[in-house]
Amino acid sequence: MRLSNYYLPTLKENPAEAEVVSHRLLVRAGMIRKLTSGIYTYLPLGLKSINKTADIIKQELNRAGCLEVLMPMVQPADLWQETGRWEEYGKELLRLRDRHARDSCLGPTHEEVITDLIRRDVHSYRQLPVNLYQVQTKFRDEIRPRFGLMRCREFIMKDAYSFDRDEAGAERTYMQMFEAYTRIFQRLGLDFRSVQADSGTIGGSFSHEFMVLAETGEDTIAVCSKCTFAANLEKAKVTDARPKCRETCAESEPVKTPDMHTVQKVADFLQAHPRKIIKTMLYEADGKAVAALVPGDRELNEVKLKNYLNAVELKLASPEQVVAWSRAKVGFAGPKDLEVQTIVADTLLSKETDWITGANQDEYHLRHVDLKRDVRLAGYADLVNIRETDPCPDCAAAVSFYKGIEVGHIFKLGAKYSRSMQATFLDEKGEEKEIIMGCYGIGVGRLVAAAIEQNHDENGIIFPPSIAPFETALIALNVQDQEVLAKAEEFYALLESMGIDVLFDDRDERPGFKFKDADLAGYPMQVIVGGKGLGKGVIEVKDRRTGDRSELPMNDFAASFQNWRHQVWQGWGLED
């Protein structure tokens, strides 16, 4: 492709609305343009990179035995009503009504549609297993779209759905997809981790997220220093090897704590460590009043609490609700005699006694609270965020925290959707059984953005060769020099004949301008044709990742270039 004929509107300045590196560079490099909030047009250079990424994904899914389909983006409401998600999914589901007053939505995901497809056609165990996937546009009406392709409303996603006869088959399929995902991210040349994750609104018994490691990542993941444990904060279990406390303490007594409505103020006033103070967090879970008790030096994980309660909706109690349930102003609620329906305590609180809590009375706290004796507990559960000082839940070694960007998620759904939508089959004995499902997603555009977040410098993008829009930029330094232009044309034809995806910068521009554009767009390799090099019988090449420049002999360019290209790919840990 000749750059003089290419649509590539680059920018010198950063766009004002861009908050993260990938957003700035995708816009500046002429890869995307914003249409409206969270919705983008993919320009030729950006779409080329996205398509290369999608091709690798498709190759590995096909290798794993998946079959490609394409499902409608507009989905009828009655399918979502069968599973209960029409009401459950919330405002991210963009609902619409056609001229016949039929309700539909723009698909944020396709569990209902694919399950409807399978229940119509699959009736016998002989037709299972089945694993279908698509690469298609999705729409989720994010309340605050931001970060360009990292969190937008309309996006390109690969979603796959597996259907098996039983749990054992579903487990095998899940592991096949886990391995396929691992190969995908390895081929993309990214530093990533697979982590245990929460299943969220998709549902299912367990899941894994695939995280691209980057300092700008929104997610924090805990990784063990010794074993294979890795999990996001919603899933990382906090453990304490101490046995449950069997002792009790003195009878609880109120103590006046004027204007002491934070943990630190109470701790300082009563000369106690913050971990000896219990925070009483009040919530409304599906319309019911709930209290979660956690140590004062810990942060409650709302996802863990929501999962423990098996709640669809979890909302922090309003100040008015706090007063109504605790009979005290905010900051003085405590678990003793609290008027809520459920009280659950973090497991760490089972290891000790003699706590300090709110007294459910303005300006008062309680000393010497024993949860076993004084509180009507529904039970103990892991409710807090893991910290780097906590032991690994699998081997007790130290854990480290990394920032990550979620780019893939796989779920073992079980019969969640097949049961509600009556997707069944007849087994070998003629008995009707529910199909066991799995779900597997990758955000394709988000993946390209994550690659940029992980690989860039002050000059622009540094694309891994496997997903760069063009693997090589051929730069003619002075097209007014007929010898330079003729040789550049010759090498352009040669590189194309070698199967190299090359962009020929044949513009009549200054060399510095061309170099800046090449660095900005992140082409992994640059081949530079100039008068000085021709005079010496060499062609200069540059590795974008390392910045290293080399000279290759003109008379043996094809073989020399292939050897150098192989080294560039190897530097990424990739096979060319």
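Helices (H or I, at least four residues) and strands (E, at least two) are DSSP runs, numbered from the N terminus. The model is predicted, so that local features need pLDDT of at least 70 and side-chain atom pairs count only at pLDDT 80 or more, while totals for chains, interfaces and linings use all residues. Residues are numbered from 1 along each chain as its sequence is written, and side-chain values use heavy atoms, with hydrogens and water left out.

**Figure 1. Strand S12 at Asn232.** Asn232 lies in strand S12, which covers residues 230-232. With a relative accessible area of 3%, Asn232 is buried (buried means under 20% relative accessible area, exposed over 50%, partly exposed in between; 1.4 Å probe, protein chains only). Met211 is 21 residues from Asn232 in sequence, and their C-alpha atoms are 9.4 Å apart in space.

**Figure 2. Overview of the protein chain.** The secondary structure of the protein chain comprises 16 helices and 31 strands. Its C-alpha trace spans about 95 × 65 × 50 Å along the principal axes. Of the 576 residues of the protein chain, 54% count as buried. Among contacts with a separation of 6 or more, 70% are accounted for by residues 24 or more positions apart (contact means heavy atoms within 4.5 Å). The accessible surface comes to about 25900 Å², and 48% of this surface belongs to carbon and sulfur atoms (areas come from the Shrake-Rupley method with a 1.4 Å probe; for residues, only the protein chains shown count as cover).

Figure 3. Rolling a probe the size of a water molecule over the atoms shows where empty space is left. On a 1 Å grid over the protein atoms alone, a cavity is a set of points where a 1.4 Å probe fits but cannot get out, and a pocket is an open set with protein on both sides within 12 Å along at least five of seven lines; lining residues have an atom within 4 Å of a point. Grid points are joined across faces, edges and corners, and a volume is the space filled by probe spheres set on the points. Three cavities of 30 Å³ or more are found in a search of the whole structure. The largest cavity holds about 50 Å³ of space. Its lining includes Leu3, Ile475, Asp505, Lys514 and Tyr523. Strand S27 (472-476), S28 and helix H14 (511-521) are the elements that give two or more residues to this lining. H14 supplies the largest share, three residues. By class, the lining of the largest cavity has seven nonpolar, no polar and four charged residues (Ala, Val, Leu, Ile, Met, Phe, Trp, Tyr, Cys and Pro count as nonpolar, Asp, Glu, Lys and Arg as charged, and the others, Gly among them, as polar).

**Figure 4. Asp505 and its contacts.** Asp505 belongs to strand S28, residues 502-505, and is one of the residues lining the largest cavity. Asp505 counts as buried because its relative accessibility is 4%. Apart from neighbours within four places in sequence, Asp505 is in contact with Leu3, Leu474, Ile475, Ala476 and Lys514.

**Figure 5. The second largest pocket.** This pocket has a volume of about 430 Å³. Of its 23 lining residues, Thr280, Met281, Val330, Gly331 and Phe332 lie nearest the centre. Two or more lining residues come from each of helix H7 (263-270), strand S14 (278-285), helix H9 (319-326) and strand S18 (355-358). The largest share, five residues, comes from S14. The lining of the second largest pocket divides into 14 nonpolar, eight polar and one charged residues.

Figure 6. Asp259 is found in the loop between strand S13 (253-256) and H7. Asp259 is a residue other than glycine with a positive phi, near 60°. Its relative accessible area of 46% makes Asp259 partly exposed. Lys265, in helix H7, is also partly exposed, at 36% relative accessibility. Not counting residues up to four places away in sequence, Lys265 touches Asp259 and Met260.

Figure 7. Most residues other than glycine have a negative phi, and most peptide bonds are trans. The peptide bond from Leu128 to Pro129 is cis, with omega near 5°; Pro129 is in the loop between helix H5 (111-121) and strand S7 (130-139). Ala101, although not a glycine, has a positive phi of about 65° and lies in the loop between strand S5 (95-97) and strand S6 (103-106). Asn310, which follows H8, has a positive phi near 55°.
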